[in-house]
Amino acid sequence: MAGINIWYLWTMNHSPAGNIERILLEVGGLARFTGLFFRNLFRGRFESREFINQCYRTGYHSLLLISITAIILGLVLTLQTRPILAGLGAEAWLPNMVFISIITELGPVIFALLFAGKVGSGIGAELSSMRVTEQIDAMEVSATNPMKFLVVTRVMATTVMLPLLVFYGDLLSFLGSFLGLKAYSDISFQLFFSRAFSDFFFSDIFPATIKTVFFGFFIGLISSYMGYYSDQGTEGVGRSANSAVVVSSLVVFLLDLIAVQITDLIV
Amino acid sequence: MAKERILHISNLTKSFGDNRVIEGVSFSLFSGENLVMLGKSGTGKSVIMKCIVGLMEADSGEINVFGKNVSNCREREMNEIRTRIGYLFQEGALYDSMSIRENLLFPARRNSRLKKFTENELEDLVEKNLENVGLIDAIDKMPGELSGGMKKRAGLARTLMLSPEMIIYDEPTTGLDPFTSDAINDLILKIQHEYKTSSIIITHDIKCAEVTGDRLLLLHDGKIVAEGMINELRSHPDVEVRDYFK
């Protein structure tokens with residue numbers, strides 16, 4: 001079973017009905033894969049050593065990318081909005097505006113997209129090349145459960161690490177924002193943060209954190225699915241990595257849309 | 001004394017879409033025997049092996065391994081059978097993120113039969129198996145640092161960790177120079193005698209078949225067209241069979 005590649009499907013000479021049928025088949029495949037994931041999550045011993053290794057690879061190795069992006073994000077957001085707010089005489093609201101934008105929307109979505117690009121493509125390519133070189137078959141024939149060792153650990157690692165990375169990225173974005181504002185005013189660090197948190201509500205941070213858990217889960221799951229069922233030789237490795245990023249990114253936006261609707265209903 | 005039949009396949013068929021790859025294949029493997037399966041590429045040799053270990057499902061026919069019908073086995077039963085079968089993949093299929101030592105420890109740590117072994121005993125077993133395949137010096141190397149022949153030997157050492165009763169060699173000498181091929185052939189015979197294993201050796205290397213095989217099967221277009229000792233096949237009435245050994 002090959003992984004989904006939306007771009008590939010649409011560029012092939014298939015009828016729209018044929019494309020829709022293929023996409024539905026892949027969605028069914030992904031649903032079955034999700035079932036297999038949960039079945040293996042609660043069965044037998046958990047591969048804790050591999051889970052820690054995957055946390056290190058997905059989390060620690062993403063720190064530099066998230067750090068640079070986060071500081072630039074906070075800096076650019078501040079530099080672009082400061083003149084507008086200053087013109088309205090509302091410059092004092094800038095820290096709070098940055099806080100709300102980053103915590104609720106920009107942080108989770110941008111860092112999740114970066115995570116999908118870096119970690120998702122890595123998982124897709126790695127599992128796919130393991131499939132092509134028969135390493136996954138080798139695990140299966142030695143009565144070792146590859147789903148448990150390769151998929152459960154990776155999906156759990158992305159689910160745990162993305163919220164932590166988003167939290168870390170949010171903090172660095174505030175730092176970037178402070179540096180941007182500091183260049184134009186003599187605002188203190190303490191004042192910046194007290195203004196940022198002045199209208200802080202638990203309802204701002206809770207839905208944002210919950211959605212990052214789902215983002216992490218689906219990035220790990222989709223990327224693993226793309227790699228695990230890759231079967232078209234070395235060409236399939238590139239295609240799996242590409243599909244992992246494209247589909248994970250689309251799903252991040254879709255989940256974000258759903259999260260916004262749910263938050264509106266609840267809050 | 002009649003030898004014990006450890007594998008019996010009857011009327012196996014397998015298709016991929018409209019392409020019928022295996023058509024009514026039947027054969028047996030007896031204990032202590034090296035059975036060589038010859039045939040050109042694409043004749044379905046690897047597909048039969050993958051059906052035996054449950055990596056593929058046959059369309060019809062019966063596969064009995066160690067007295068159990070593979071198609072009726074549940075996952076747990078299939079895993080029990082798998083621990084008794086070693087599978088040497090064409091390229092070794094070593095886990096490239098692990099050193100050779102870790103490659104060997106990986107299946108051993110997860111196998112219920114080896115649970116009683118302490119970590120030190122498992123380490124000793126790793127060293128013993130690597131010594132047997134002449135690869136003890138590469139114990140802490142990564143698979144990427146090994147040559148093709150070394151990868152196959154490391155793959156074989158990993159297979160031996162679970163003390164299999166039957167080993168499937170998927171093209172053990174393909175892509176190797178004549179000297180390394182000879183070394184692998186000798187190793188197959190050594191394993192057969194020291195570990196008392198039965199083996200199925202898939203190959204299109206006539207020399208490998210001649211040296212390692214007790215009995216040969218020739219596959220053509222998904223069917224077994226000839227069976228016997230190499231001398232019998234060389235003087236087979238069918239010209240195409242004789243031509244294969246020229």
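Chain A holds ten helices and zero strands, where helices (H or I, at least four residues) and strands (E, at least two) are DSSP runs numbered from the N terminus. The model is a predicted one, in which local features need pLDDT of at least 70 and side-chain atom pairs count only at pLDDT 80 or more, whereas totals for chains, interfaces and linings use all residues. Residues are numbered from 1 along each chain as its sequence is written, and chains are lettered from A and ligands numbered from 1 in the order in which they are written.

**Chain A as a whole**

Read along the sequence, chain A has the pattern α-α-α-α-α-α-α-α-α-α, and its C-alpha trace spans about 65 × 45 × 35 Å along the principal axes. Of its 267 residues, 43% count as buried; a residue is called buried if 20 or more other C-beta atoms lie within 10 Å of its own, exposed if 12 or fewer, and partly exposed in between, with C-beta atoms placed from the backbone. Among the contacts in chain A with a separation of 6 or more, 87% join residues 24 or more positions apart, a contact being a pair of residues whose C-beta atoms, placed from the backbone, lie within 7 Å.

**A helix pair in chain A**

Two packed helices are described by the angle between their axes and the distance between the axes. For helix α5 (residues 94–132) and helix α8 (residues 189–196) of chain A, the axes come within 7 Å and cross at roughly 60°; axes here are lines fitted to C-alpha atoms, for helices over the stretch in contact, and angles run from 0 to 180 degrees between N-to-C directions. α5(A) and α8(A) are therefore oblique to each other, since angles under 35 degrees count as roughly parallel, over 145 as roughly antiparallel, 65 to 115 as roughly perpendicular and the rest as oblique. The crossing of α5(A) past α8(A) is right-handed, a term used if the near helix is turned clockwise from the far one by less than a right angle, with anticlockwise giving left-handed.

On the α5(A) side the contact is made by P95(A), N96(A), V98(A) and F99(A), which meet F192(A), R195(A) and A196(A) of α8(A). These residues divide into five nonpolar, one polar and one charged, where Ala, Val, Leu, Ile, Met, Phe, Trp, Tyr, Cys and Pro count as nonpolar, Asp, Glu, Lys and Arg as charged, and the others, Gly among them, as polar.

**Sheet and helix in chain B**

In chain B, four strands form an open sheet in the order β2-β1-β4-β5, with antiparallel pairing; strands pair if DSSP finds at least two bridges between them. The edge strands are β2 (19–30) and β5 (68–69) of chain B, each of which pairs on one side only. Helix α1 (residues 45–52) of chain B packs on this sheet, where it touches β1, β2 and β4 of chain B, and its direction makes about 120° with that of β1(B). Within the sheet, β1 (residues 5–16) and β4 (residues 60–65) of chain B pair in the antiparallel sense over five bridges, and T13(B) has S60(B) in β4(B) as its bridge partner.

The helix α1(B) is mostly covered, with seven of its eight residues buried, namely K45(B), S46(B), V47(B), I48(B), M49(B), C51(B) and I52(B). Just after α1(B), G54(B) takes a positive phi of about 80°.

**Where the chains meet**

The contact between the chains takes 15 residues from chain B and ten residues from chain A. On the chain B side, the elements that give two or more residues are α2 (75–84) and α3 (100–109) of chain B, and the largest share, three residues, comes from α2(B). By class, this side of chain B has nine nonpolar, three polar and three charged residues.

**Individual residues**

Most residues other than glycine have a negative phi, and most peptide bonds are trans.

L75(A) lies in helix α4 (residues 63–87) of chain A and counts as partly exposed, because it has 19 C-beta neighbours inside 10 Å. Leaving aside residues up to four places away in sequence, L75(A) touches G176(A), S177(A), L179(A) and G180(A), whereas the C-alpha atoms of L75(A) and P16(A), which are 59 residues apart along the chain, are separated by 44 Å.

Technical notes
Contact = placed C-beta atoms within 7 Å.
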